[in-house]
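Thanks, everyone. Let me put the structure up.

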Amino acid sequence: MQRSMPQRGDHMMKVYETYADTLFRIAMVHLGRREDAEEATQDTFIKLMEKAPTFNDAEHQKAWLIRVITNHCKSLLGKGWRKREVKLEGADSLTTDNPEDQALIELVLSLPVKYRSVVHLYYYEDYPIREIGEILQISESAVKMRLKRGRQLLKLELEGAEPQ
């Protein structure tokens, strides 16, 4: 009987299966297009394989992956070709079956990136403020301020959308 040894590829597949959806959602929040989000997710796992960092635990690994994809998305948004592109209305956005959730997702996606990422990590990924600060490499007070300003922007949009 042949005994199988754990392979590095098996470990990477397990990591991919565990975190790919989370990283894809974060990339969609930043980039807004499925193709770009898929590419950013793929690039993040390539960086994980290339750098092969050691992690203290699973949360440390997840935080590292989120920080890498967030920085990668910021880098992509800063590139010149991205600034010149024209978005097609309604093309490849995040979707849900619930119309109220869809409206809220679209409002969150319309926020500036620095507010969008904090709001997503806090409300959709359930990260506490301290960990968001560590992931984004900003202070806790900056996280709180971005959450506050993001909420204010969302509130203004929601109040403006409702009939008076």
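Helix 2, residues 34-51, packs on helix 3, residues 58-78, at an angle of about 125°. The axes of helix 2 and helix 3 are 9 Å apart. That angle makes helix 2 oblique to helix 3. The crossing of helix 2 past helix 3 is right-handed.

Which residues of helix 2 and helix 3 make the contact? From helix 2, they are Ala40, Thr41, Asp43, Thr44, Lys47, Leu48 and Lys51. Helix 3 brings Gln61, Trp64, Leu65, Val68, Ile69, His72, Cys73 and Leu76. Sorted by class, this contact of helix 2 with helix 3 has 8 nonpolar residues, 4 polar and 3 charged.

A reminder before I move on: this is a predicted model.

Now helix 6. Helix 6 covers residues 113-124. It has 12 residues, and from first C-alpha to last it reaches 15 Å. At 1.5 Å a residue, 16 Å is expected, so to speak of the span: helix 6 is close to that value.

Which residues of helix 6 are buried? Tyr115, Arg116, Ser117, Val118, Val119, His120 and Leu121.

Take Ser117, one of those buried residues in helix 6. Its relative accessible area is 5%. The cut-off for buried is under 20%, so Ser117 qualifies. What does Ser117 touch, leaving out residues up to four places away in sequence? His30 and Leu136.

Last point, the end of the helix. Asp126 follows helix 6, and the phi of Asp126 is positive, near 60°.

That's what I have. Over to you.

Note on methods. Residues are numbered from 1 along each chain as its sequence is written. This is a predicted model: local features need pLDDT of at least 70, side-chain atom pairs count only at pLDDT 80 or more; totals for chains, interfaces and linings use all residues. Side-chain values use heavy atoms; hydrogens and water are left out. Axes are lines fitted to C-alpha atoms, for helices over the stretch in contact, and angles run from 0 to 180 degrees between N-to-C directions. Helices (H or I, at least four residues) and strands (E, at least two) are DSSP runs, numbered from the N terminus. Angles under 35 degrees count as roughly parallel, over 145 as roughly antiparallel, 65 to 115 as roughly perpendicular and the rest as oblique. A crossing is left-handed if the near helix is turned anticlockwise from the far one by less than a right angle, and right-handed if clockwise. Contact means heavy atoms within 4.5 Å. Ala, Val, Leu, Ile, Met, Phe, Trp, Tyr, Cys and Pro count as nonpolar, Asp, Glu, Lys and Arg as charged, and the others, Gly among them, as polar. Buried means under 20% relative accessible area, exposed over 50%, partly exposed in between (1.4 Å probe, protein chains only).
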